[in-house]
Amino acid sequence: MADNYLENKFDQLQKARKVVVKRNNPSLDTLLHKNRSHRGYDKSRVVTEDELRKIVAVNPLLPSGMNRQALRFKLVTRDTGAEKVLRRIRLGVALPELHLPLPGTEPEAFILVCATVPEDRIVDIDLGISLQSMGLKAVEMGLNALIICAYDKQAVQEDFGLVYPPLAILAVGKGSESIFLKPVAEGETLKYYRVDGVHFVPKIRVEDLLL
């Protein structure tokens, strides 16, 4: 075999752009598509405190209004008070007849998000960035998440002895639901619904979002 045959062959393939670089990480579009609001979870998949820490660890990488970095996080697992959180939250407010979560599908890991300063517009923007980013991290880890804003704020604060009132709760687990996005035109109903146990979420088409 001629000297440097393999090296030369590789160079030729590169120049012809026939060398395929395998992508190990999912694209942002893939993560966003999988980042659905699950209200039912596989309880056999136990989320650990270490996994919750990894999810919270995205926050030092995020932008923060005025760089205040005011958000703080309380981790709650099956062994550290998940049942107390479950008593205080409401899921699927738009589907009250289903009494979600269904028995045996309750989430058992939570991140309680608080702020060291009074809530204002900047804190709310930071909160949204944080919750979305943590949800995407959960998906990257093979989990799912749900942002919860329907809960008894005072009771949660007292139950966990929080110095600051919770602004939102992120439930984390392995989602067990089938969820599909349904493109709709502006003006159509945006209320999510279920058919034979499948969850459908209307989303306005891109062409209708542009001004």
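Mentor: With a relative accessibility of 45%, E140 counts as partly exposed. The model in which this residue is seen is a predicted one.

E140 takes part in a salt bridge with K137, and their closest N and O atoms are 2.6 Å apart. Both residues belong to helix 5, where they stand three residues apart, which means that about one helical turn separates them. In an α-helix there are 3.6 residues a turn, so residues three or four places apart point the same way. K137, at 25% relative accessibility, is likewise in the partly exposed class, the limits of that class being 20% and 50%.

The helix that carries this pair comprises residues 121-140. At the start of helix 5, a side-chain oxygen of D120 comes to within 3.2 Å of the backbone nitrogen of I122. After the helix comes G142, which has a positive phi, near 85°.

The buried residues of helix 5 are V123, D126, L127, S130, L131, S133, M134, G135, L136, A138 and V139. Their cover includes helix 2 (28-34) and helix 3 (49-56), together with strand 1 (71-76), strand 2 (110-115), strand 3 (144-148) and strand 4 (166-173).

When neighbours within four places in sequence are left aside, S133 is in contact with V58 and L62.

Side chains of opposite charge can pair when their charged atoms come close. The structure contains twelve salt bridges, and K137 with E140 forms one of them. Elsewhere, K43, R78, E106 and E108 are joined in a salt-bridge network.

R205 has two partners. With E207 the closest N and O atoms are 3.7 Å apart, while the salt bridge between the side chains of R205 and D208 has an N to O distance of 3.2 Å. The accessibilities of these residues are as follows: R205 is partly exposed at 34%, E207 is exposed at 52%, and D208 is partly exposed at 24%.

A nonpolar surface patch also occurs in this stretch of the sequence: V206, L209 and L210 form it, with about 330 Å² of accessible area together. L210 is located in the segment that follows helix 7 (206-209), and its relative accessible area of 62% makes it exposed.

Although R45 and K174 are 129 residues apart in sequence, their C-alpha atoms are 6.3 Å apart in space. Apart from neighbours within four places in sequence, R45 is in contact with E51, L143 and K174. Its relative accessibility is 28%, so R45 counts as partly exposed.

Terms used: Residues numbered from 1 in each chain as written. Predicted model: local features only at pLDDT ≥ 70, side-chain atom pairs only at ≥ 80, totals over all residues. Heavy atoms only, no water. Patch = residues over 30% accessible without salt bridge, like charges linked within 9 Å, V, L, I, M, F, W, Y side chains within 5 Å. Areas by Shrake-Rupley, 256 points an atom, 1.4 Å probe, with all protein chains shown as cover. Salt bridge = Lys/Arg side-chain N within 4 Å of Asp/Glu carboxyl O. Helix = DSSP H or I, 4+ residues; strand = E, 2+ residues; numbered from the N terminus. Buried < 20%, exposed > 50% of the residue type's maximum accessible area, 1.4 Å probe, protein only. Contact = heavy atoms within 4.5 Å. Polar contact = N/O pair within 3.5 Å; in protein donor to acceptor, adjacent residues only side chain to side chain.
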